[in-house]
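Student: I have not read a structure like this before. Please take me through it feature by feature.

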Amino acid sequence: MLTTSETPTEERYAATRNACKLCTPLGACLAFKGIRGAIPLLHGSQGCSTYIRRYLISHFKEPVDIACSNFAEQTAIFGGGLNMKVALENINTQYAPEFIGVATTCLSETIGDDVPMFLKDFRTTHADEDLPPLAHVSTPSYSGTHIDGFHGAVRAAVAAVVREKGTGDHVNLLPGMVSPADLRHLKRIVSDFGLFFVMLPDYSETLDGAPWWEYHRIPEGGTPVDAIARMGSAAASIEFGRILAETDAGDSAGMLLRKDFDVPLYRLGLPMGVGETDRFFAALEAVSGRPTPEKYVKERGRLIDAYVDGHKYVSGVTAAIYGEEDLVVGLAAFLGEIGITPVLCASGGKSGHLKQKITEVVGDIDKKNIQILSGADFIDIADIAEDLKPDLIIGHSKGYSVARKIDTPLVRVGFPIHDRVGGGRLHHLGYRGAQELFDRIVNALLEKRQADSGLGYSYM
Amino acid sequence: MTSIPILKERESQIWQKGETPFSITCDKHSLAGAISQRACVFCGSRVVLYPIADAVHLVHGPIGCAAYTWDIRGALSSGPELHRLSFSTDLQERDVIFGGEKKLAAVLGELIDRHRPKAAFVYSTCIVGIIGDDVAAVCRKVEREKGIPVLPVHSEGFKGTKKDGYKAACDALFRIIGTGPINDISPQSINILGEFNIGGEAWIIRKYYERMGVQVVSVMTGDGRVDEIRRAHGAALNVVQCSGSMTQLAQMMEEKYGIPHIRVSYFGIEDMSKALYDVAERFPDNPEIMARTREMVREEIAAIRPELAEFRKDLEGKKAAIYVGGAFKAFSLIKALRHLGMRVILAGSQTGNDEDYEMLRDLCDDGTVIVDDANPLELSKYIIEKDADLVIGGVKERPIAYKMGVGFCDHNHERKIPLAGYVGMRNFAEEVHRSVSSPVWRFAPRRGAKLEKTEVTPC
Ligand code: SF4
Ligand code: SF4
């Protein structure tokens with residue numbers, strides 16, 4: 001669905017062909033998977049949960065258990081209250097979870113199920129039992145995309161668990177939808193500042209773990225519920241996402257913690273590239289009162305050294321990028337600082353802020369002939385890319401058809417990576433993430449050049 | 001280890017051979033809160049119709065249902081590839097409130113103009129009925145305007161199981177059948193039903209039949225074309241694979257056009273050969289057909305036998321767990337695994353019926369667990385308890401196997417390698433062998449190698 005203007009007009013009905021987005025509950029399930037002992041429960045029909053599991057499994061290559069309240073024909077008529085109750089009971093018996101995250105689907109939303117009331121009833125009728133926290137996020141796919149489900153679920157977890165303010169010296173880290181490798185790297189960085197922290201969500205182990213000796217009902221790892229409870233007493237929260245920062249007050253976990261629990265909030269862009277990462281480190285310096293550890297000063301130095309060594313191969317290069325809006329903004333920031341122009345910045349999302357945020361990180365987009373495409377699908381992207389003939393395409397696996405069509409290298413980032421191994425092990429964030437991205441991008445260009453060359457030199 | 005509890009309501013859907021008298025409940029709606037490996041009605045319809053490559057497949061509903069089924073199946077086409085595109089009406093909040101009919105009509109028109117398909121299938125997903133869209137009416141209108149068949153597929157996900165989706169797909173196909181010319185069709189002719197050309201399987205099967213001297217009028221739906229399907233009523237026999245999905249269509253065609261049908265499977269040497277002989281037998285007036293079939297089967301088996309024997313050397317005595325969509329496939333797999341010297345310790349399906357499970361019971365050895373609509377916990381419980389070396393299943397079963405240090409063979413629609421026919425049997429053996437005989441399992445905790453302390457000493 002092509003909407004070139006920033007305020008999407010739906011006056012013209014158009015098909016979405018090869019969507020560049022996923023549905024809202026997928027994001028919610030992913031976020032809930034980052035809580036220790038959690039089971040996500042989709043309230044709706046079986047198909048949605050099975051498709052979502054399949055999609056996540058194909059990327060993470062790990063078991064992804066998502067329960068479903070399994071609507072039948074009758075349920076749609078009489079409402080899903082009973083199904084919800086049975087589902088919660090069965091989950092408790094079979095999984096003994098520490099947390100249940102309920103997300104709705106289009107079906108339960110359309111018939112108007114009152115999920116908060118169902119949950120309240122359940123708590124009342126099971127008052128004598130030791131129930132895990134039950135969080136609820138409303139995720140109809142006809143408004144929003146998977147990234148909205150993701151942030152909504154994080155917020156719902158905070159809302160369900162955090163009760164008290166306080167004066168702790170730990171920091172809350174709200175990283176957004178990034179890779180398990182990124183999550184591990186972020187934890188390392190914050191620890192190296194000597195900070196205690198709560199990161200939500202943390203699926204770095206639940207969705208990227210070692211083989212098992214025995215079957216785990218729920219994989220190990222994730223943010224413990226009692227840690228989430230401590231988020232109300234943190235010294236500060238750091239929340240990534242320039243687009244997320246534009247959501248109405250109170251609509252993100254960070255904002256909720258600030259509003260209801262007075263936790264100061266740093267709203268930063270995804271730390272991609274030197275500039276955005278410097279801002280992240282500055283925030284950590286401010287919160288910890290310590291300078292950046294030597295290790296990262298050196299990492300940054302090596303990165304800049306690499307920028308210099310490789311600058312000629314990327315200078316003046318053009319790229320088409322796509323994905324979740326915040327990822328696109330992060331990528332644009334990074335590409336801008338190495339001399340690659342992101343001539344097409346596309347997203348299936350349509351927050352209405354993409355253009356402004358890209359402008360913030362790369363400067364005058366009109367002068368640079370940068371096209372911004374909100375609410376885009378892959379046919380739109382292919383049409384424009386064919387026209388613009390970028391040197392590179394950067395995004396997830398689903399852009400492969402575009403890359404193939406215009407014979408351009410695809411550098412895979414983000415989610416989903418369905419046609420390669422190691423999607424969960426990619427780094428995007430921090431100096432280290434930038435280093436990895438930079439090397440991969442330069443090498444993709446070199447490889448193309450080498451392959452296309454009639455000479456085939458074995459030196460650069 | 002903590003033992004894994006089986007939910008009370010699920011106990012009747014699991015049975016172990018040799019213990020108690022046979023009883024298994026199936027055809028049951030999945031239990032709320034259990035993590036079923038099943039999909040939905042829509043998924044069933046999509047599986048059946050998806051390979052029709054010159055039709056537009058439009059998913060009417062919010063984006064997810066279409067996004068998750070975009071180009072995920074290995075169904076190949078020798079020509080157009082419209083089926084590999086994902087089209088959705090991508091309903092938005094406003095459409096949900098005011099209805100999606102206008103959008104559906106506009107989107108259909110746009111897609112038909114742009115892609116010039118031979119037909120369009122419009123899949124209703126869960127919320128479509130609830131917001132009150134009359135999809136059939138919109139389809140009729142667009143059909144009149146554009147002059148191609150525009151077929152509603154009533155596949156609201158929650159209205160039944162995958163099987164109902166097969167039915168909805170068969171209904172749509174049935175509407176096209178009977179609209180094409182059949183004057184040039186030979187009396188020795190068949191339709192191949194329930195074969196989806198995963199990794200080119202339909203091509204393999206079609207070649208076999210053609211080598212026998214039998215004309216293949218249409219394949220439904222592998223490498224499918226609308227014009228071929230229109231002529232399907234001219235065939236003398238329907239050859240139906242994968243009992244679940246298309247037997248219904250065969251029955252409908254039998255009633256209306258008097259075309260008899262037989263059920264076959266193309267997996268494994270025995271079943272593949274039987275599928276060819278059964279067809280040859282149907283044409284007794286042409287004894288050359290049977291003669292050619294014998295000749296061909298002999299040749300094909302001889303060609304793969306030495307390799308199979310090699311694979312068998314390593315696989316002898318290994319144990320496999322099978323969990324597939326339809327039970328019919330499980331029968332073939334059990335036989336195929338026997339050829340490789342392997343034993344089946346668990347057999348299950350998402351959608352088997354009573355008859356299927358009785359047949360499974362007869363085929364299995366003592367101790368084999370038979371399970372209907374299993375969830376990941378149950379599957380892993382038996383994989384561990386029975387100490388499987390291999391799991392055969394789909395994408396959702398793979399990580400369960402791998403986490404437990406067990407080999408895996410994908411036997412679902414996503415795979416890219418043909419496993420049907422004689423070459424398919426060879427590929428299957430190779431796949432199984434590749435996984436089971438890999439040296440990596442010795443590092444898996446469950447495979448015994450609880451990596452003992454590695455010691456090194458200086459010289
Ligand atoms: S109905 Fe909604 S929640 Fe379910 S798969 Fe479709 S878009 Fe996603
Ligand atoms: S259950 Fe309904 S909404 Fe979910 S994938 Fe199936 S058709 Fe789509």
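Tutor: Keep in mind that this is a predicted model. Start with a pair of strands: in chain A, strand β8 (residues 236-240) is joined to β9(A) by four bridges, and the two run parallel.

Student: What holds strands together in general, and which residue stands opposite A:Leu268?

Tutor: Strands of a sheet pair through backbone hydrogen bonds, in a parallel or an antiparallel way. Here A:Phe240 is the residue opposite A:Leu268 in β9(A).

Student: What is the strand order of the open sheet of chain A with β8 in it?

Tutor: The order is β7-β6-β8-β9 (chain A), four strands with parallel pairing. The edges are β7 (197-199) and β9 (265-268) of chain A; each has a single partner strand, so one side of each has no neighbour in the sheet. On average, neighbouring strands of this sheet are turned by 15° against each other, direction ignored.

Student: Which helix packs on this sheet?

Tutor: Helix α8 (residues 180-192) of chain A does, touching β6 (171-174), β7 and β8 of chain A. The direction of helix α8 makes about 165° with that of β7(A).

Student: Which strands form the open sheet of chain A that contains β2?

Tutor: That sheet has four strands in the order β3-β2-β4-β5 (chain A), with parallel pairing. Its edge strands, β3 (67-68) and β5 (134-137) of chain A, each pair on one side only. Strand β2 (residues 38-43) of chain A pairs with β3(A) in the parallel sense over two bridges. Within β3(A), A:Cys68 is the bridge partner of A:Leu42.

Student: Which strands do helices α4 and α7 of chain A lie across?

Tutor: Helix α4 (residues 81-95) of chain A lies across β2, β3, β4 (99-104) and β5 of chain A, and runs at about 160° to β2(A). Helix α7 (residues 146-161) of chain A lies across β4 and β5 of chain A, at about 145° to β5(A).

Student: How do I take in chain A as a whole?

Tutor: Begin with the inventory: the secondary structure of chain A comes to 17 helices and 14 strands. Then look at the overall dimensions. The C-alpha trace of chain A spans about 75 × 55 × 45 Å along its principal axes. A compact globule of 460 residues would have a radius of gyration near 23 Å, and the 22 Å of chain A agrees with that.

Student: What about phi? Are B:Asp90 and B:Arg116 buried or exposed?

Tutor: B:Asp90 is not a glycine, yet has a positive phi of about 45°. B:Asp90 sits in the loop between β3 (87-88) and α3 (93-98) of chain B and is buried, at 1% relative accessible area, under the 20% cut-off. B:Arg116 also has a positive phi, near 45°, and is found in the loop between α4 (101-115) and β4 (119-124) of chain B. B:Arg116 counts as exposed, since its 64% relative accessibility is over 50%.

Student: How many residues of strand β8 of chain B are buried?

Tutor: In strand β8 (residues 237-241) of chain B, five of the five residues are buried. Both faces are covered, with B:Leu237, B:Val239 and B:Gln241 on one side and B:Asn238 and B:Val240 on the other.

Student: Which strands is β8(B) joined to?

Tutor: Four bridges join β8(B) to strand β6 (residues 189-195) of chain B, running parallel, and B:Ile190 stands opposite B:Leu237. Another four bridges join β8(B) to strand β9 (residues 261-264) of chain B, also parallel, where B:Val240 stands opposite B:Arg263.

Notes: Residues numbered from 1 in each chain as written. Chains lettered and ligands numbered in written order. Predicted model: local features only at pLDDT ≥ 70, side-chain atom pairs only at ≥ 80, totals over all residues. Heavy atoms only, no water. Pairing = 2+ DSSP bridges. Axes fitted to C-alpha atoms, helices over the stretch in contact; angles between N-to-C directions. Contact = heavy atoms within 4.5 Å. Rg over C-alpha atoms; globule rule 2.2 N^0.38 Å. Buried < 20%, exposed > 50% of the residue type's maximum accessible area, 1.4 Å probe, protein only.
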